[in-house]
Amino acid sequence: VAEKRRSGSLLGWPLALGAGCSGFVVWLLQTVTGAALGTLEAPNREASFGAAFGFFLHAGAYALPVVLAVLFLSLVAGAALSGIVLFGPQPFEAVLRRLHELGAAIPPLLLLMLWRIAEPNPSRIGFIAALSCVFAVEIAQLLAETGRRLERTYDDRGEAVGARWQRFLTNSVVELRSQLATQAALVAGAVFALDAALSFIGLGVRGMPTWGSLIGAAAQLGNVAPSAVVLALGGCFATVIGAYRLLSIQSNDTGQPAAGAD
Amino acid sequence: MREALRRALWILPTIVLVSLLAFWAAARNSPPPQGEEGLPLLFNSRPTRIETLAWNAALSTANAGAEAAHAEQLLVRLGGAALPHLLPRLDSLDPSERREVAWALMPVARRMRIREAADVKDGPEAEQFWISFWQDHFVDFKPTVTRRVTARFATRSTPLRREELLRLDTYALDEIIDQMRVASDPAAARRLSAAASHIAEKPWTIPESATPLAARQTVELWQAWWARHENKYTDPAGAEYLLAPALQTRYALWLSEALRTGFGRVTTGKAALDTLRETAPSTVFLFALGLLGGSLLGVALVALFRARKHPLWTRAAAGIALSWLGIPTVLLIALVRHPNEDSQRFLASALVLLSGTAVAVLHARSPSGRGREPRTVRFGRAFEHVRGAGRRAIRGVAANASTLLGVVFLIEYGFDLPGWGRETVRAVLQRDVTWLVLIVVSTAILLGFVHILVALGQSLFQLARERRIRSRG
């Protein structure tokens with residue numbers, strides 16, 4: 001199990017870091033060299049694989065910062081909110097729960113559509129802010145529920161065997177990390193999907209290519225360019241499988257028996 | 001059971017909040033309709049009071065500044081409704097200012113058809129005219145008197161009754177339009193509309209040859225106009241006074257209009273509620289298919305893979321489900337779109353069903369609660385009981401119901417199916433406030449209903465389980 005854990009970490013973290021940094025690297029290259037990647041057009045039926053790949057890279061420079069920004073903001077805001085709920089006055093918990101239920105009353109796509117038409121000039125910042133708000137509440141609710149459950153577990157078992165609350169909490173942080181990783185993977189997938197959906201509808205941010213808008217633009221063509229499909233599918237699978245792999249490692253890191261033990 | 005009840009009680013505040021949000025988003029960048037210029041969207045920190053409005057206009061008129069012309073027009077428009085607030089306070093102005101204000105009010109006197117007004121030639125005479133007018137008629141400017149005068153005129157129009165009513169000018173508009181609304185006699189509505197037309201200087205009258213439908217439309221026109229302008233002619237009292245910051249907003253006006261007309265019409269010209277009804281079956285069917293069909297299929301798959309014993313099967317199922325959810329729906333739509341309408345329906349249903357199934361499989365595999373954290377990889381352990389898996393699947397799908405509904409919307413738009421999704425995209429592109437608020441409220445109700453049902457099912461399941469345990473001893 002230890003060997004597997006080590007190899008998992010060796011594979012998973014570089015994958016996640018590489019995915020995170022590749023956008024910045026492309027952006028840096030583009031900025032430094034003044035490369036004309038921005039002039040590439042969205043894939044069409046005649047687009048070559050190379051052209052589509054260039055667009056894919058270029059879009060990645062925009063998409064990854066958006067995803068990372070949403071992830072960062074929602075995780076930080078979610079953690080802060082859950083901290084307020086767990087350690088603050090009782091009504092905060094009810095408020096967070098109502099907020100969560102309110103968020104669940106409107107499909108995220110519809111919420112984003114409303115947000116987009118509410119903005120005088122649709123921008124990347126607005127998209128990030130709206131999604132961060134939605135996911136922050138979700139993450140806060142998840143963390144608050146986990147925190148309460150840990151409290152109950154400590155009251156039931158930890159205290160009886162003389163474990164200190166701080167120690168108990170430190171040990172549990174690993175479990176929280178696993179949950180956050182799960183949530184992060186879902187958030188990343190949702191950002192791509194929602195961005196693509198908005199572009200498909202015609203509410204995407206103009207002049208800003210992202211992976212979502214790449215997929216949206218390709219989908220608008222009716223018959224999707226094969227190279228675009230390959231790249232889009234490849235990108236989606238890479239993201240999902242990478243996240244999945246990362247999650248596997250995270251879960252193994254918690255000290256639970258590996259899946260093979262079942 | 002408590003959870004279901006809580007959800008049911010929470011549904012009304014949710015509807016109010018989401019409708020506020022939808023209205024804010026949809027109307028924020030739209031130009032305000034005629035008569036709503038300057039009104040805030042959701043909260044009016046400075047609600048209009050006719051007393052303040054009239055007195056400020058009088059002061060501007062008296063100062064003869066740059067805004068004097070506009071203030072004079074405002075005074076004339078406010079008309080009789082401003083008199084109870086202005087005439088008793090005229091003494092507090094300087095004589096010259098008093099004369100200016102009195103002279104500015106003379107067009108109102110002429111609109112009131114007061115004979116003596118024709119003889120007034122200058123400011124001092126105007127001042128005398130209004131002083132004597134108020135001494136003679138201040139008792140008429142009371143709600144009870146107005147009600148009686150309007151009712152008498154509505155019953156039978158004589159020159160004297162008409163004179164009495166017109167003398168009250170805009171002060172009587174509230175009563176006139178209210179009695180017009182409830183008038184069962186077409187002649188009464190005709191008389192009242194003619195009086196209102198004269199006072200408000202609007203061309204909306206009911207001719208003698210008008211059909212009942214045309215008469216009704218004219219009355220509705222007056223009601224709609226009054227809803228927008230009421231706050232300029234009347235002072236809120238009681239609860240209305242307290243709620244004025246919320247009532248004197250574009251949202252309140254839109255809501256009152258929507259409730260009065262059954263949500264009116266969408267920008268395509270069709271009745272909003274009819275459009276909602278016509279497009280609901282497709283959306284509700286697809287949503288139910290994803291929710292129920294997906295849960296059932298997910299649980300069946302889980303049971304099947306569990307029977308295979310080897311954890312590889314369950315891992316593969318979860319991996320495929322996770323990958324499926326990772327692919328943007330847009331891409332799936334683009335890949336499977338087909339020109340045949342029947343095929344499109346089938347493909348749309350299949351996509352929704354598979355999305356629901358993927359969510360169900362992912363949730364069914366992992367235990368949650370009771371001190372155990374959800375694990376992504378520990379699939380094999382999750383399938384100890386199909387019943388438990390089913391319960392988790394339904395709970396998971398219900399928790400993701402809003403996302404699933406979003407997928408349904410997108411699929412309907414992508415496959416050009418006549419559902420809420422296609423209509424909503426149209427409404428977004430055309431900034432159709434009515435449809436957007438209506439659809440947001442409808443989705444909130446639909447999703448709330450799903451959550452209530454799931455909570456109810458869970459509590460019933462729990463009860464049955466406890467009973468079973470008790471019977472076993």
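I call a residue buried under 20% relative accessible area, exposed over 50%, and partly exposed in between, with a 1.4 Å probe and protein chains only.

**Entry: conventions.** This is a predicted model, in which local features need pLDDT of at least 70, side-chain atom pairs count only at pLDDT 80 or more, and totals for chains, interfaces and linings use all residues. I number residues from 1 along each chain as its sequence is written, letter chains from A and number ligands from 1 in the order in which they are written, and take side-chain values from heavy atoms, with hydrogens and water left out.

**Entry: salt bridges.** I count a salt bridge when a side-chain nitrogen of Lys or Arg lies within 4 Å of a carboxyl oxygen of Asp or Glu. My search of the whole structure returned 21 of them over all chains.

**Entry: R277(B) and D274(B).** I looked up this pair and found a salt bridge, with the closest N and O atoms 2.7 Å apart. Both residues sit in helix α16 (residues 272-307) of chain B; because they are 3 residues apart there, about one helical turn separates them. For helices I use DSSP runs (H or I, at least four residues), numbered from the N terminus. R277(B) is exposed, because its relative accessible area is 55%. D274(B), at 34%, counts as partly exposed. I then noted a network: salt bridges that share partners join R98(A), E101(A), R6(B) and R7(B).

**Entry: E93(A) and R148(A).** I found the two side chains meeting in a salt bridge at 2.9 Å, N to O. This pair links distant parts of the chain, 55 residues apart: E93(A) is in helix α3 (residues 91-104) of chain A and R148(A) in helix α5 (residues 124-158) of chain A. E93(A) has 24% relative accessibility, so I list it as partly exposed. R148(A) has 17%, so I list it as buried.

**Entry: E175(B) and R147(B).** Which of the two is buried? E175(B) is, at 14% relative accessibility. R147(B), at 42%, is partly exposed. Their side chains meet in a salt bridge of 3.7 Å, N to O.

**Entry: nonpolar patch.** I looked for patches among residues with over 30% relative accessible area and no salt bridge, joining like charges within 9 Å and nonpolar side chains (Val, Leu, Ile, Met, Phe, Trp, Tyr) within 5 Å. M1(B), F449(B), L453(B), L456(B), L460(B) and L463(B) form one nonpolar patch on the surface, together about 560 Å² of accessible area. I use Shrake-Rupley areas with a 1.4 Å probe, and for residues only the protein chains shown count as cover. L460(B) lies in helix α23 (residues 433-472) of chain B, and its 47% relative accessibility makes it partly exposed.

How values were computed:
Helix = DSSP H or I, 4+ residues; strand = E, 2+ residues; numbered from the N terminus.
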